[in-house]
Amino acid sequence: MVALDYQIALEVASHEAIVRQAYKDSVGKWTWSVGITSASGHKVEPYIGKTQPMQKCVDAYVNVLEKYAKVVRSAFGNTPLSREQFAAALSFHWNTGKIKSATWVKNVKAGDLEKARKNFMLYRIPPEIISRRKKEAALFFDGKWSNDGTVTEITKLNNKSQPIFSSGKSRDLKNEFKKAFESAKLDLTAPAAADDRETVSADAINPNSGLLPTHRPRQSSAITLATLQKYFHLLPEGRKDDAIYVVAIRGYYTDTMGVGGVNDRGLYDDAIFVIEPEAVHNFNGNTDPSRGKHGRAELKSPQVILYKPGLHGVSKGKGYPAFRQASPCVVNRDGIGEDSDAGKSFFWINLHRGSATSTSSEGCQTVPPNQWNEFKHLLDSLLKIYEQPDFCYLIVDENAKATEQDIAPTIAPSKPTAKPSAEVTIPQIHEPVNSETISNGHTNIQTTSLISKIVQILIARRLQTMTDAKPKSPDTSQNQLLLQILKILVPGYANPVAVNPKTPVNYAFGNAVGGLLDGRKTAYGILGLLATSLLPVLAPESGDAILQAFDLGASSGQESAAKGSTLLQSVFGALGSWGILGKVEKWIYLAKGLKK
């Protein structure tokens, strides 16, 4: 299948525009560079109000584009594509995200190009996209490129952080795109790895040597992520929000290589996993010394140490590119026991390229030579894209990693779902409360807590409405909790007596709740709207508390307060609307002399 190159990347970018600071797209989502959002795994919010270097923008775009390229290759399967066809399909997918479901792709795979071209042009909404679609079709079906090496740069935003398209300027970015791919090119001339006392130059591993497994680790991403989560407490302070982690599993092939049930030395029988926001990459590896010797060090597990790009083998001369130890570590020394380099010179347990005839380690972590270039390039690129100077390396024994039972409670989805989940936890009151609580000096705290619970219940109802195919009858436990809270907030209410007709709208949540809110919904809704509209101005710090209280995430400052205000406004707006509809319905019932 076709490899992504700078000309293809330029072709796709030419149909877009590049913006070097974060901006809000047409639906209000923060976006940066060539249409990159945080959903891609590259966080763009740090670029709000901050113009970034052009090369950085291009590098990030190329990295994300490769992820789209993988999807395009998968969609066409074994159907061969020319460079032109691949470029056009990639541009289509970057714009629509529909390559997997597009009918025209099925037509191409079936060999019906005429029908494919017709169906390709059905993707023409909004009308402004038709010109792009025609260029993509000309490239895919006729082999005609449209790009001349330039990309439009939007240089100004308005006061709503939206692009001012009249500020667009054509930029010749051929050099920046070429540089992005040159820096990403595999270093095929890298010297063979060795420890400080061994130099081996062969790259080809004899498949009959038993040194390397017959396949890469087949551990699922869920198990890898659950293992990281299981040992999250070992991460250094301030490193729990990193984008990139590396997890090593010692003895991964314990039962299929070497002596069964034993963690052998001198074999690539361990596994190393590179974790990025949207993917986990599996590699064979070694975490032990190649041979035993009195005093020889082996990293103790479980533990987390830091690695950063640097040179290995400097004591032998200039050294060569690898990842160097960047924090203290604890080791077990053969015949001696535990030892630590905390407070003294590092042991230099580095992470480097192994050799074709041995794991090439006196205690270092090594990757087989036929996977090293890919491993090194991947980590270098990710560290550059996510601006991490180093990464956390977690080493765990095979028998101590996470299991299937650990997955459900520990692994959260990496992306927000398209719709809110209908499984909403309804808050419970764990401490007895009554009307006296309101009047004994704790009014603000208790009232705020209770109102928060009311809003949570209303949000739960709203989420169920949005996600359920068929409306459900109100949850009795929710109604009882809401009734309990309302009785506390409105002293004197016990079992309300309906003096007005019990209309379907007013009593949608049952007699008790309907009676308590009868005649008050509109007033509460209007007062709530007025109060919450002032949140971003008078109490910007309230936003995080509101969002976190409802497990809806948090932002910062005015943006967070605005989100919290919007959330509560939707709730109080619904309450006010409910009240108005109830009044209209009540008047109709009274006018007709009906009783419910």
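Mentor: A crossing of two helices is called left-handed if the near helix is turned anticlockwise from the far one by less than a right angle, and right-handed if clockwise. This is a predicted model, in which local features need pLDDT of at least 70 and side-chain atom pairs count only at pLDDT 80 or more, while totals for chains, interfaces and linings use all residues. Residues are numbered from 1 along each chain as its sequence is written, and side-chain values use heavy atoms, with hydrogens and water left out.

Trainee: In which hand does H1 pass H3?

Mentor: Helices (H or I, at least four residues) and strands (E, at least two) are DSSP runs numbered from the N terminus, and here helix H1 covers residues 6-14 and helix H3 residues 83-96. The crossing of H1 past H3 is right-handed.

Trainee: Are H1 and H3 oblique or roughly parallel to each other?

Mentor: Axes are lines fitted to C-alpha atoms, for helices over the stretch in contact, and angles run from 0 to 180 degrees between N-to-C directions. Angles under 35 degrees count as roughly parallel, over 145 as roughly antiparallel, 65 to 115 as roughly perpendicular and the rest as oblique. The axes of H1 and H3 are 9 Å apart and the helices pack at an angle of about 40°, and H1 and H3 are therefore oblique.

Trainee: How many aromatic pairs does the structure hold?

Mentor: Rings of Phe, Tyr and Trp (its six-membered ring) pair if their centres lie within 6.5 Å, with planes under 30 degrees apart counted as stacked, over 60 as edge-to-face and the rest as tilted. By that rule, the number of aromatic pairs in the structure is 24.

Trainee: How far apart in sequence are the parts that the pair of Tyr307 and Tyr393 ties together?

Mentor: Tyr307 and Tyr393 form an edge-to-face pair, with 5.2 Å centre to centre and 85° between the planes. Tyr307 lies in strand E10 (residues 303-312) and Tyr393 in strand E16 (residues 391-397), so the separation of the parts tied together is 86 residues.

Trainee: Is Tyr307 buried or exposed?

Mentor: Buried means under 20% relative accessible area, exposed over 50%, and partly exposed in between (1.4 Å probe, protein chains only). Because its relative accessibility is 0%, Tyr307 counts as buried.

Trainee: Which strands hold Phe323 and Phe391?

Mentor: Phe323 and Phe391 form an aromatic pair that is edge-to-face, with 5.4 Å centre to centre and 75° between the planes. This pair links parts 68 residues apart, with Phe323 in strand E11 (residues 320-325) and Phe391 in strand E16.

Trainee: Is Glu387 buried or partly exposed?

Mentor: Glu387 is not a glycine and has a positive phi of about 55°, and Glu387 is found in the loop between helix H9 (369-385) and E16. With a relative accessible area of 49%, Glu387 is partly exposed.
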